[in-house]
Amino acid sequence: MDLTPVNLTEALASFGDVYSPRVVARMNDYDVRVAHVAGEHVWHVHEDTDEFFLVLDGRFDIAMRDADGVESTVGLRKGDVFVVPRGTEHKPSSPGGSILMFEPAGTKSTGDRHEGEIPAHVDSTTGHAL
């Protein structure tokens, strides 16, 4: 068991890649991840798990599609939290910022399925060690 605290400011300063989450802590079977965000992610869905977001800095938007294909967007700013419900298609985007995510270990950043090609600036990963 690691009893060393993690400073999120220092953790974020240790890498510069966008949409390439780093695991900063584990709790039970969940990862706590941080990531820099800029540009558009990819439409994707996590069939069996909700996805928690906390905006640490900047702005972070989440477009979502309902079962009928109707889209809506939630705009988040520093300090805002939002949970994308399991099974909801969503596409994050940002003019720049950083986020903290909380999700089951092994959850892929591009979901169980995604739409189209994964852009070069999006890392399809289950999270990298800090």
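**Close-up 1. The hairpin of β4 and β5.** In the hairpin of β4 and β5, where five residues lie between the strands, Gly-69 takes a positive phi near 85°. The model is a predicted one, in which local features need pLDDT of at least 70 and side-chain atom pairs count only at pLDDT 80 or more, whereas totals for chains, interfaces and linings use all residues. Residues are numbered from 1 along each chain as its sequence is written, and side-chain values use heavy atoms, with hydrogens and water left out. Strands here are DSSP runs of E with at least two residues, and helices are runs of H or I with at least four, numbered from the N terminus. Strand β4 (residues 51-65) is joined to strand β5 (residues 71-77) by seven bridges in the antiparallel sense, and Met-64 has Ser-72 in β5 as its bridge partner.

Close-up 2. Strands are said to pair if DSSP finds at least two bridges between them. Strand β4 pairs with strand β6 (residues 81-84) in the antiparallel sense over four bridges, with Val-84 in β6 as the bridge partner of Glu-51. Strand β7 (residues 89-104) also runs antiparallel to β4, to which 12 bridges join it, and Ser-93 in β7 stands opposite Asp-61.

**Close-up 3. Residues 38-82, as annotated in UniProt.** An unreviewed UniProt entry lists residues 38-82 as "domain: Cyclic nucleotide-binding"; such annotations may be inferred rather than shown by experiment, and the positions are given in the numbering used here, with feature names shortened. In the model this span is 0% helix and 64% strand, and its end C-alpha atoms lie 18 Å apart.

Close-up 4. The structure holds one cavity of 30 Å³ or more (a cavity being a set of points, on a 1 Å grid over the protein atoms alone, where a 1.4 Å probe fits but cannot get out, with lining residues having an atom within 4 Å of a point). About 130 Å³ of space lies in the largest cavity, and of the 15 residues that line it, the closest to its centre are Tyr-19, His-41, Glu-51, Met-101 and Ser-109. The elements that give two or more residues to this lining are β2 (30-40), β4 and β7, and β7 gives the most, with four residues.

**Close-up 5. Two aromatic pairs.** A search of the whole structure finds two aromatic pairs, where rings of Phe, Tyr and Trp (its six-membered ring) pair if their centres lie within 6.5 Å, and planes under 30 degrees apart count as stacked, over 60 as edge-to-face and the rest as tilted. The rings of Tyr-30 and Phe-102 are stacked, because their centres are 5.0 Å apart and their planes stand at 10°. Tyr-30 lies in strand β2 and Phe-102 in strand β7, so this pair ties together parts that are 72 residues apart in sequence. Phe-53 and Phe-60 form a tilted pair, at 5.2 Å centre to centre with 45° between the planes. Phe-53 counts as buried at 2% relative accessibility, and Phe-60 is likewise buried, with a relative accessible area of 1% (buried means under 20% relative accessible area, exposed over 50%, and partly exposed in between, with a 1.4 Å probe and protein chains only). Tyr-30 is partly exposed at 33%, as is Phe-102 at 27%.

Conventions: 1 Å grid on protein atoms, 1.4 Å probe; cavity = no way out; pocket = protein on both sides within 12 Å on 5 of 7 lines; lining within 4 Å. Points joined across faces, edges and corners; volume = space filled by probe spheres on them.
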